[in-house]
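Reader: I would like to learn how to read side-chain contacts in a model. Please show me the chain, and then we can go feature by feature.

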Amino acid sequence: MTSFEEAETEETVTCLHLTFYHPCQENKMMFRCLNFCKREQVRADEMAKFGRDSNVCHYNLMDTRVSRVQFSLQFYRKLNSSEFCFEIKNMSKKTKLIVDQTELGYLNKIDLPWKCIICFGDYQILAEIQEGESMDYFETHLHLAEVPILQERCLPSLQPIPENGISSSLFPSQDKSPIEIDENES
């Protein structure tokens, strides 16, 4: 047997992609302590904490309006399953955390959907989970958005385009009632 045949199968790693946006990010530089565009390993038994207290939080947001610990993410495996998930918990007594349309008060927690938007104050974070197999650790991959994430999700290009290739949202018309056209007409 060759060394290639004897080598262990490489295990894939669950990766949590987080894209951050704040309307004042260029002026206030609240994301300056985050390590963007580089994957970071986090041990499976550690909680990923986000907030302004650098002694407690690995992911620091440099903003006095952010709680010392704003929220935490816990990696876990579902009972009787090989599926790995994240649980998000609001750690702020002052600010509600919104995960998609679910509002979390202090110490409330829910399973993090595979793709969702996390909001608190003026902060918007797009979270996307990329599945993996490793039980020892997961990775985080942070990104910075140039435009608001909520605005980005409502672009006309995300709407279905009719067969004629012209989206009605691109050409608003006065008469919004549907027009019936025979297939044979040009």
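Reader: How many salt bridges does a search of the whole structure find?

Author: Two notes on the source come before the count. This is a predicted model, where local features need pLDDT of at least 70, side-chain atom pairs count only at pLDDT 80 or more, and totals for chains, interfaces and linings use all residues. Residues are numbered from 1 along each chain as its sequence is written, and side-chain values use heavy atoms, with hydrogens and water left out. Now the general idea: side chains of opposite charge can pair when their charged atoms come close. A salt bridge here is a side-chain nitrogen of Lys or Arg within 4 Å of a carboxyl oxygen of Asp or Glu. The search finds six.

Reader: Which residue meets Glu139 in a salt bridge?

Author: Arg39 does, at 3.0 Å from N to O. The two sit in distant parts of the chain, 100 residues apart: Glu139 in strand S12 (residues 137–144) and Arg39 in strand S2 (residues 39–43). Strands are DSSP runs of E with at least two residues, numbered from the N terminus.

Reader: Which residue does Glu87 meet in a salt bridge?

Author: Lys109, with 3.5 Å from N to O. Glu87 is in strand S6 and Lys109 in strand S9 (residues 109–111), so to speak two distant parts of the chain, 22 residues apart. Lys109 is partly exposed, at 46%.

Reader: What is the N to O distance between Glu128 and Lys115?

Author: It is 3.6 Å, again in a salt bridge. This pair links strand S11 (residues 123–130), which holds Glu128, to strand S10 (residues 115–120), which holds Lys115. The two residues are 13 apart in the chain. Glu128 is partly exposed at 28%, and Lys115 is partly exposed at 45%.

Reader: Now the rings. How many aromatic pairs does the structure hold?

Author: A pair of aromatic rings is described by the distance of the centres and the angle of the planes. Rings of Phe, Tyr and Trp (its six-membered ring) pair if their centres lie within 6.5 Å; planes under 30 degrees apart are stacked, over 60 edge-to-face, and the rest tilted. The structure holds 13 such pairs. One of them joins Phe31 and Phe36, with centres 6.4 Å apart and 90° between the planes, an edge-to-face case. Phe31 is buried because its relative accessibility is 6%. Phe36, at 21%, is partly exposed.

Reader: Which residues form one aromatic cluster?

Author: Phe20, Phe31, Phe36, Phe50, Tyr59, Phe71, Phe120 and Tyr123.

Reader: Where does Lys93 lie?

Author: Lys93 is in the loop between strand S6 (84–90) and strand S7 (97–99). Lys93 is exposed, at 67% relative accessible area.

Reader: Last one. How far apart are the C-alpha atoms of Leu144 and Tyr21?

Author: They are separated by 6.4 Å, although the residues are 123 apart along the chain. Leu144 lies in strand S12. At 38%, Leu144 is partly exposed.

Definitions and conventions: Buried means under 20% relative accessible area, exposed over 50%, partly exposed in between (1.4 Å probe, protein chains only). Helices (H or I, at least four residues) and strands (E, at least two) are DSSP runs, numbered from the N terminus.
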